[in-house]
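Keep the viewer open as you read.

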Amino acid sequence: MTELPITPADRDFLCSELKACACAAGARLLLTGGTGFFGKWLLPAAEVLGCETTVLSRHPERFLEEYPCWRARRGFRFVAGDVRDFALPGERFDYLIHAATPASLALERENPELMESIIVEGTHRVFDFAAAAGVTRALNLSSGAVYGPLAPGCRRYTEEQRCAPVTAYGRGKLRAEAAARDFGAVTARGFAFVGPFLPLDTHFAAGNFLRDAASGHEIVVRGDGTPQRSYLYGAELAVWLWRLLLAGAPGRAYNLGAEEAISIGELARRIGDLGGVPVRVLGVAQSRLQADCYLPDLGRLRRELGLTVKIPLATALSRSLDWARQVVSGRNR
């Protein structure tokens with residue numbers, strides 16, 4: 001096997017855990033959004049499995065300039081296109097993983113109608129193509145944002161909770177789920193993640209903390225640090241996505257994330273300790289009627305697919321910081 005752009009420990013984890021997905025060897029896979037965070041983990045997983053993979057991305061050349069090791073990868077083809085109007089005439093595929101999405105806070109603020117439209121139109125186009133291309137198993141990547149506010153008295157979201165999204169992104173994802181369900185696709189509702197390839201300069205608190213620690217700078221928490229989150233590591237994410245694609249119930253939605261709750265303030269402190277940098281919390285904790293929790297209940301995933309977290313948060317943060325240091329070091333050359 002060619003060397004993967006991930007650590008040996010993560011490569012070994014993928015090789016071990018994906019044995020349950022060996023039936024995918026030689027299958028033809030269409031992966032949309034294959035150059036984002038999810039895609040960068042799904043690509044080495046597809047190579048481990050031996051899939052013939054076509055990657056649809058708006059800017060594949062930008063990705064290949066950053067990761068030139070993928071240019072000559074056997075079994076991979078990168079195609080430039082928008083999910084709303086791409087064309088692959090006469091192509092046949094066995095599997096589809098639809099991961100393309102405009103996850104942009106700027107677009108959410110400046111043009112929410114366009115945000116929602118891109119998600120919905122793109123998903124309809126992708127699944128219309130999947131029907132014509134003979135796809136037999138499909139996975140649609142959605143988000144915990146489809147739920148909206150937690151039900152009173154609850155700390156975790158379950159798949160049975162009524163969905164009432166409050167953002168254009170969440171509304172778009174919920175409408176996209178309907179298109180996926182009509183096709184018979186499995187849907188994964190993602191929560192929070194950490195690991196190599198996590199953006200370090202956007203709206204992800206974990207990414208910003210890793211960037212500051214890797215740079216030797218003080219970590220600053222803008223709020224009061226009390227919101228609760230949970231973080232699934234990228235290598236585990238890739239394995240779970242493949243398990244959902246191959247064994248999830250068609251038309252069913254599954255929460256995807258970790259269950260170990262951690263406050264944003266404690267996350268900053270743990271990363272600060274790993275990086276040897278101070279942490280400052282600017283906000284003052286205030287009493288609230290209900291805690292700010294964005295935590296998935298993974299009961300359905302455990303019962304139906306037997307999935308449990310195997311990479312603990314401490315390991316995930318340590319590996320993530322090692323990667324962030326390499327990125328920061330490369331920027332400073």
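Does leucine 114 count as buried, partly exposed or exposed, and what is the relative accessibility behind that label? The relative accessibility of leucine 114 is 33%, so this residue counts as partly exposed. For these labels, buried means under 20% relative accessible area, exposed means over 50%, and partly exposed lies in between, with a 1.4 Å probe and protein chains only.

A word on what you are looking at: this is a predicted model, in which local features need pLDDT of at least 70 and side-chain atom pairs count only at pLDDT 80 or more, while totals for chains, interfaces and linings use all residues. Residues are numbered from 1 along each chain as its sequence is written, and side-chain values use heavy atoms, leaving out hydrogens and water.

Back to our residue. Leucine 114 sits in helix H5, which covers residues 112-132. Helices (H or I, at least four residues) and strands (E, at least two) are DSSP runs, numbered from the N terminus. If we set aside neighbours within four places in sequence, leucine 114 is in contact with Arg84 and Leu107; contact here means heavy atoms within 4.5 Å. Phenylalanine 76 is 38 residues from leucine 114 in sequence, and their C-alpha atoms are 31 Å apart in space.

Now turn to strand E5, residues 137-143. Of its 7 residues, 6 are buried, so E5 is largely enclosed by the rest of the structure. Strand E4 (residues 95-98) runs parallel to E5 and is joined to it by 4 bridges; leucine 96 has alanine 138 in E5 as its bridge partner.

Finally, zoom out to the whole chain. The protein chain has 11 helices and 13 strands, and its C-alpha trace spans about 60 × 45 × 40 Å along the principal axes. A compact globule of 333 residues would have a radius of gyration near 20 Å, and the 19 Å of this chain agrees with that; the radius is taken over C-alpha atoms, and the globule rule is 2.2 Å times the number of residues to the power 0.38. Of the 333 residues, 54% count as buried. Among contacts between residues at least 6 apart in sequence, 80% join residues at least 24 apart.

Conventions: Pairing = 2+ DSSP bridges.
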